[in-house]
Amino acid sequence: MKRLYSNKLVIFSLVIPGLLVFFFAILAPIALSAYYGFTDYSGMGKATFVGLDNYKQLMKDGAFFQSLKNSLFLAIGFIAIQHPIAIVVAAVLDKLQGKAEGIFRCIYFIPNVISVAVIAYLWKFIYNPDFGLLNNLLKSFGYTGKINWFSSDLAIWSVLIVLIWHGFGWGMLIYYTGIKNIDPVLYEAASIDGANTTTTFLRITLPLMKPVIQINITMAVISALKQMETVYLLTNGGPGNSTQFAANYLYKQAFKAFKYGYGNAIGIVFIIICLVVTVGLNKIFAEKKAA
């Protein structure tokens, strides 16, 4: 077997399929998108080269910057709300024994296996100002008014709640798996030394979970930046641009406004932002590890 894998022809035959997929499915589309970003292509007919006009227009586009602001808000929501709760829930689940552990693990993960379309329309009914569950729940406590949860002031918060709830199970499961991989001997030693649950969590679980936390936070930030499907079905960026996100705005410009070249320019800027954020997060966690 060792001699087989040292054969250059065998190595080439194993590597080339992956390289071809990478080139045709990732690299070539990005290069084509970069080209169209310098044109006024509408998706049909001839593409005329316009240089940096699309990017100049983008720098003056208030809706695009609003979408980036919303993405940043969502990323902060994931990091500050979703993930702290997820890691605590994962630690609690780790302490459960028997069937209860499996049951609660499945319950928390259920939203992740439900179709995005179902999730969006389910929450539309929950938020409905006339017959929605949320307003009816407030009525049972004596509130007589009707709250429009998709108003310009509340829409972004309503979307944030849906997205935190929808993605909670995935983040929690990753943390749960990471905790399960921690050597139980460390917990036994801490127990013998008299450490309580809180001290054990802060001094053993969290430090050993840093690589998992890094992966989860990076995925959360990228997810916030590329958020589209749920928002598109829930609010479609409205009212106005109060819940507009970069990916959704790109889709609207390229395929609804028929500004395909402008949409590709948004896509290239979007890719650059994702790369910068990923590299930045890696450097932040690397500095923490070095410290």
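Leu281 counts as buried, because its relative accessibility is 13%; buried here means under 20% relative accessible area, exposed means over 50%, and partly exposed lies in between, with a 1.4 Å probe and protein chains only. Before I continue, please note that this is a predicted model, in which local features need pLDDT of at least 70 and side-chain atom pairs count only at pLDDT 80 or more, while totals for chains, interfaces and linings use all residues. Residues are numbered from 1 along each chain as its sequence is written, and side-chain values use heavy atoms, with hydrogens and water left out.

Let me place Leu281 in the fold. Leu281 belongs to helix α14, residues 260-290. Helices are DSSP runs of H or I with at least four residues, strands are runs of E with at least two, and both are numbered from the N terminus. Which residues does Leu281 contact beyond its neighbours within four places in sequence? They are Ile217, Thr218 and Val221, where contact means heavy atoms within 4.5 Å. The C-alpha atom of Leu281 is also 9.6 Å from that of Ile215, a residue 66 positions away along the chain.

Thr218 sits in helix α11, residues 210-225. Is Thr218 buried or exposed? Thr218 counts as buried, because its relative accessibility is 13%. The Thr218 side chain reaches the backbone oxygen of Gln214 at 2.8 Å. When residues up to four places away in sequence are not counted, Thr218 touches Thr278 and Leu281.

I turn now to the chain as a whole. The chain has 14 helices and 0 strands. Its C-alpha atoms fill a box of roughly 75 × 75 × 35 Å along the principal axes. Of the 291 residues in the chain, 37% are buried. Among contacts between residues at least 6 apart in sequence, 65% join residues at least 24 apart.

Next, the interior. In soluble globular proteins, nonpolar side chains tend to be buried together. A nonpolar core is a set of buried Ala, Val, Leu, Ile, Met, Phe, Trp, Tyr and Cys residues joined through side-chain atoms within 4.5 Å. The largest such core in this model has 49 residues, and Met172, Tyr175 and Met209 touch the most other members. At least two residues of this core come from each of α4 (62-95), α6 (116-127), α8 (155-180), α9 (184-192), α10 (197-208), α11, α12 (229-234) and α14. Which helix supplies the largest share of this core? Helix α8 does, with 11 residues. Tyr175, leaving out residues up to four places away in sequence, touches His83, Ala86, Ile87, Ala90, Met209, Val212, Ile213 and Asn216. A second, separate core has 11 residues, including Tyr55, Phe64, Ala265 and Ile266.

On a 1 Å grid over the protein atoms alone, a pocket is an open set of points with protein on both sides within 12 Å along at least five of seven lines, where a 1.4 Å probe fits; lining residues have an atom within 4 Å of a point. The largest pocket has a volume of about 530 Å³, a volume being the space filled by probe spheres set on the points. Its lining has 20 residues, and Phe78, Gly167, Ser223, Lys226 and Gln227 lie nearest its centre. Helices α4, α8, α11 and α12 each give two or more residues to that lining. By class, the lining of the largest pocket has 8 nonpolar, 10 polar and 2 charged residues.

The second largest pocket holds about 190 Å³ of space. Of its 13 lining residues, Lys95, Tyr187, Thr197, Thr200 and Phe201 lie nearest the centre. Two or more lining residues come from each of α4, α9 and α10.

I close with the backbone. Most residues other than glycine have a negative phi, and most peptide bonds are trans. In this model, the peptide bond from Gly238 to Pro239 is cis, with omega near -5°, and Pro239 lies in the loop between α12 and α13 (246-256). Asn236 is in the loop between α12 and α13 and has a positive phi, near 55°. Asn236 counts as partly exposed, because its relative accessible area is 25%. Phe258, in the loop between α13 and α14, likewise has a positive phi, of about 60°, although it is not a glycine.

Conventions. Polar contact = N/O pair within 3.5 Å; in protein donor to acceptor, adjacent residues only side chain to side chain. Nonpolar A, V, L, I, M, F, W, Y, C, P; charged D, E, K, R; others polar.
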